[in-house]
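Open the model in your viewer and keep the selection tool at hand. This tour says what to select next and what is found there.

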Amino acid sequence: MNALPTLLWLELRKSQSFVMVLAGILLLTAVGLARLTANALNTPEEEAVVLFSLAAVIGGTLLVVALFISARQDGAGLLLSVPGGLAHQVARFVYWGLLGAAFALTLALLLWAYLDRTVPGMPGLGSVLTFVFYGLGLVWLPGVAYLLLAFSYVQSYQLSRLGWLAGLAAFLGFFGLVDVLVEVGSKVAYAALPPVTISLQSLGSRLDDIRLPLEPLLLSLALAAGLVVLAGRVWDEVEA
Amino acid sequence: MLARLEAVTKRYGGREGLHDVSLELPQGQALGLLGLNGAGKTTLLKLLAGLLVPSQGSVEVLGGRPRAMRAHVAYLSDAETYPWLSPADGERLMGGLYPDFNRARYRELLGFLEVPSRPSRALSRGQKARLRLAMALAREARLFLLDEPLAGIDVISRDRILKTLVRQWREDATLVLSTHEVAEAEGIFDRAVFLKDGRVVLDAGAEELRARGKSVRETFVEVLA
Amino acid sequence: MNFTFLNLVGYALLAVAAFLLWRGSTSLSARLVSVGFLGLILWGTLSSDGAAEDNRFRGYREDAFQISSRADCLGCSTGKREGVWFVRGTVLDGVMVLKAEQVVAYKVVWAGGGGVYLDGQPQAGGCFSRELAPQGIADLRFEGALQARLEVGPGLSCG
């Protein structure tokens, strides 16, 4: 039995209202970009970037909150379903990974479409999408995996009423993990693989090309996969 | 033997939810689990379902670890379901997650239990309980563990539902149903297990209960007082 | 590892948390995750203890040249190999001033990031080299340059 379609559908049903809010944020951003005008303090391009940043921060926060609320809705109800913990966590990972990616890509597309009309020599859409995909792989996917693990982990301490301590450990451990990732990632960056180069030459000679190292990206993706597997194991062992 | 608990103790921190309980559940039996609130009924059902791990002793379902046998165990908890879940959503969800879910039987049960086609948030407490009951009973599982499945349903309907369900109980499956409404257990179950403070105080078959010459309610008051 | 009073309290709290979390779940995976999280917290505590010293390059001096620096240098290492002195960091950010006492050549190499400025002028291409006459000064500004390296010694070029 392939439970993935059902589990993806379940995630969608649980988060439907959040998806509508995210779509609303994108719509407001699009309307906002269409109405930008020059003023004495900022150029329209600067305002566009501010609007984009605001939408990204609000949307990103909302996605994390939505993931948390969605996972809480399940309670212990799904723990005894026939698909194992890994199937559940993979479905959640795929759904939230894709939802975050769709939001980020649409937002980036809106900003690019605006700047492409107003900034001479704006890099092509391919460069922008490369940059967004890189960010998603480096930050969003391991972030989702970490949240999934943290949620099941905290759930496994509910019975002993130590969920608060487990939550605190997961929260503080996150910063340690980021430290480790930065440390290891910076050591292996550019070491073995050719970097992904995003050319900014069209914008003028003032800016150097962006060379994104592939090693930290692969490290993040491997970490995300490991965290999802671990989250599946914890799910299978949770008492409720 | 379909399931077995052997000298099972379950501790929550310093408190004991269940103490040294041994039970054997044969195939085809409808067992009533009776006790006051906090007697350990839910703990016992969760141990059989594999949602809890015993602190001492062992639990076996169909010859294996309970959690590993979840494909054959239908567990109905007393927890709320998703607020957006309608009977149609229930079919989609259960059909996708449980290979033994019988859609035709589910629709029959929805009719029998008179569940309206509305999202759960628009249903009364009793209607929600009926929807959850239909979802659980539509499975072709070997062991059904129902935790207070009739809570919130009016007294007349409870009686009708319980009698119909237990009398038509399949011979290849075992039912364990917990309740603290003892009156409804009268003359229905093949066997009744009375729990008090996490201990089994009486484990009696229907014949034995009848031989005592008292109603289930009177026995309940006598053994649990 | 530091043993100030506050650190000792922190380590004691971590030990108590480890004990409680190990006993608080029947899931072996959750217990191991607890160990992992607490290990990460310990790592974070220990690495932040030494972070202030590790991340700053404070300069260098020898007969032929001197470098004064107020640059942050993450993953920093310095040394001298075959007569060429170098400082390199995974991330270099800040200002370094190279002053020559004798004729010296220098080279700056970087892989990406925010770029490098020489005497206020942005440099492109990921590498440049120059020669300084006695008393000559090079004002180098690194703007979060990644995998960056400054080398000073004889006969340096980007070729």
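**Stop 1: chain A against chain B**

Keep in mind throughout that this is a predicted model. Select chain A and chain B. Here 25 residues of chain A are in contact with 22 residues of chain B. Together the two chains bury about 2,200 Å², and 60% of this lies on carbon and sulfur atoms. Now pick out A:Trp9, A:Leu80 and A:Val82: they supply 31% of the area that chain A buries against chain B, more than any other three residues.

To see a salt bridge, select B:Lys10 and A:Glu239, whose closest N and O atoms are 2.8 Å apart.

Colour the helices of chain A. Helix 1 (4-14), helix 3 (44-74) and helix 7 (214-237) are the elements that give two or more residues to the side of chain A that touches chain B. Helix 1 of chain A gives the largest share, seven residues. Sorted by class, this side of chain A has 15 nonpolar, four polar and six charged residues.

**Stop 2: chain A against chain C**

The contact takes 29 residues from chain A and 33 residues from chain C. About 2,500 Å² is buried between the two chains, 64% of it on carbon and sulfur atoms.

How many salt bridges are there across the interface of chain A and chain C? The count is zero. Polar contacts do occur across this interface: nine residue pairs, both residues at pLDDT 80 or more. On chain A, the elements that give two or more residues to the side touching chain C are helix 5, helix 6 (163-188) and helix 7. Select helix 6 of chain A to see the largest share of that side, 12 residues. The side of chain A that touches chain C divides into 16 nonpolar, five polar and eight charged residues.

**Stop 3**

In soluble globular proteins, nonpolar side chains tend to be buried together. The largest nonpolar core in this model has 142 residues, and A:Tyr153 and B:Phe194 have the most contacts inside it. Helix 5 (residues 125-155) of chain A gives the most to this core, with 12 residues.

Centre the view on B:Phe194. Leaving out residues up to four places away in sequence, B:Phe194 touches a set of residues that includes B:Leu34, B:Val200, B:Leu209, B:Phe220 and B:Leu224. Then move to a second, separate core of 27 residues, which includes C:Phe57, C:Ile67, C:Ala100 and C:Val152.

**Stop 4: salt bridges**

Over all chains, the structure holds 26 salt bridges. Side chains of opposite charge can pair when their charged atoms come close.

Select B:Glu114 and B:Arg130, whose side chains meet in a salt bridge with an N to O distance of 3.9 Å. B:Glu114 is in the loop between helix 3 (103-112) and helix 4 (125-137) of chain B, while B:Arg130 is in helix 4, 16 residues apart in the chain. Is B:Glu114 buried or exposed? B:Glu114 is exposed because its relative accessible area, 53%, is over 50%. B:Arg130 has a relative accessible area of 8% and is therefore buried, the limit being under 20%.

Go on to C:Glu151 and C:Lys107, which form a salt bridge with the closest N and O atoms 4.0 Å apart. C:Glu151 is in strand 10 of chain C and C:Lys107 in strand 5 (residues 104-109), 44 residues apart. C:Glu151 is buried, at 10% relative accessible area, and C:Lys107 is buried too, at 14%.

Finish this stop on chain A, where A:Glu11, A:Lys14, A:Asp74 and A:Arg92 are linked in a network of salt bridges.

**Stop 5: a loop in chain C**

Select C:Pro134, in the loop between strand 9 (127-132) and strand 10 (137-153) of chain C. C:Pro134 is partly exposed, at 44% relative accessibility. Beyond its neighbours within four places in sequence, C:Pro134 is in contact with C:Ala100, C:Glu101, C:Gln102 and C:Val103. Last, select C:Val104: C:Val104 and C:Pro134 are 30 residues apart in sequence, with their C-alpha atoms 8.0 Å apart in space.

Notes: Residues are numbered from 1 along each chain as its sequence is written. Chains are lettered from A and ligands numbered from 1 in the order in which they are written. This is a predicted model: local features need pLDDT of at least 70, side-chain atom pairs count only at pLDDT 80 or more; totals for chains, interfaces and linings use all residues. Side-chain values use heavy atoms; hydrogens and water are left out. Helices (H or I, at least four residues) and strands (E, at least two) are DSSP runs, numbered from the N terminus. Buried means under 20% relative accessible area, exposed over 50%, partly exposed in between (1.4 Å probe, protein chains only). Contact means heavy atoms within 4.5 Å. Buried area is the accessible area (1.4 Å probe) that two parts lose on being put together, summed over both. Ala, Val, Leu, Ile, Met, Phe, Trp, Tyr, Cys and Pro count as nonpolar, Asp, Glu, Lys and Arg as charged, and the others, Gly among them, as polar. A nonpolar core is a set of buried Ala, Val, Leu, Ile, Met, Phe, Trp, Tyr and Cys residues joined through side-chain atoms within 4.5 Å. A polar contact is a pair of N or O atoms within 3.5 Å; within protein, one must be able to donate a hydrogen and the other to accept it, and residues adjacent in sequence count only if both atoms are side-chain atoms.
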